[in-house]
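Dear colleague,

Please find the structure below, with its sequence. My notes on it follow directly after.

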Amino acid sequence: MEAVFGHLRSAIERGQYALGDKLPSEAELCRTLEVSRPVLREALRALQAMGLTVSKTGKGTFVVANTVEDPTFGDYAASDLLEVRRHVEIPVAGYAALRRTPEDLDHLAHLLDRMERETDTTAWVALDTVFHLAVAEASGNPVFRRVIEEIRDALARQSTFLNELGGRREQSNCEHRAIVEALVDGSESDAVEAMSHHLHRVEATLTDIVRPQRADTSREGRAEA
């Protein structure tokens, strides 16, 4: 999927598909790129999340931008989502370290074990959102859980995007374990630091996906010139 996404993104950024152009049909792209329809559809969803295309039911996929500014996950732009997560989930982790119950810790430990064994991306993403909800639950403040519930779909879309294009799953597991260890220790400062690190890595991976290919495309253009 990553290779298909990269190929189509590069074609759009180079102008092979201009603004307003309709991409070839799924059948034609599958045949040309020699990939299955599920793989192609994942790549097309990634292009749409990046804001490069829109899909119109019954009409096809159309190019609406040739550069990436701010990916969108569901109803929210990535920058807005990350800003809210920094202001909500970091203090939430601190409160959770101080207020967590034995039941909270058992639930989080069980989630971690399942996530580390899970090999299916879709199932892992579902567990990922449950994990963040569980941390909010451990804070003892139902308003925090409600906020995470509101952005749950966007979190899942972002998680899928980062795992498929950024290979984040294994590192996320390590970061999640550090968060839980801080909660077990009851250390507010360690929990805040662990969640801060986790969100920093999410943002860094997202930036790596969004920006480097533009630099690569620029180098290609200079070489061709």
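His-132, Leu-133, Ala-136 and Glu-137 of helix H6 (121-138) touch Phe-144, Arg-145, Ile-148 and Glu-149 of helix H7 (residues 142-150), contact meaning heavy atoms within 4.5 Å. The helices are DSSP runs (H or I, at least four residues), numbered from the N terminus. The residues of this contact comprise 4 nonpolar, 1 polar and 3 charged; Ala, Val, Leu, Ile, Met, Phe, Trp, Tyr, Cys and Pro count as nonpolar, Asp, Glu, Lys and Arg as charged, and the others, Gly among them, as polar.

This is a predicted model, in which local features need pLDDT of at least 70 and side-chain atom pairs pLDDT 80 or more, while totals for chains, interfaces and linings use all residues. Residues are numbered from 1 along each chain as its sequence is written, and side-chain values use heavy atoms, without hydrogens and water.

The axes of H6 and H7, lines fitted to C-alpha atoms over the stretch in contact with angles from 0 to 180 degrees between N-to-C directions, come within 7 Å and cross at roughly 165 degrees. H6 is therefore roughly antiparallel to H7 (an angle over 145 degrees).

The model has 1 cavity of 30 Å³ or more, a cavity being a set of points on a 1 Å grid over the protein atoms alone where a 1.4 Å probe fits but cannot get out. The largest cavity holds about 130 Å³, the volume being the space filled by probe spheres set on the points, which are joined across faces, edges and corners. Its lining (residues with an atom within 4 Å of a point) has 16 residues, and H8 gives the most, with 6 residues.

Yours sincerely

Definitions and conventions
1 Å grid on protein atoms, 1.4 Å probe; cavity = no way out; pocket = protein on both sides within 12 Å on 5 of 7 lines; lining within 4 Å. Helix = DSSP H or I, 4+ residues; strand = E, 2+ residues; numbered from the N terminus. Parallel < 35°, antiparallel > 145°, perpendicular 65-115°, else oblique.
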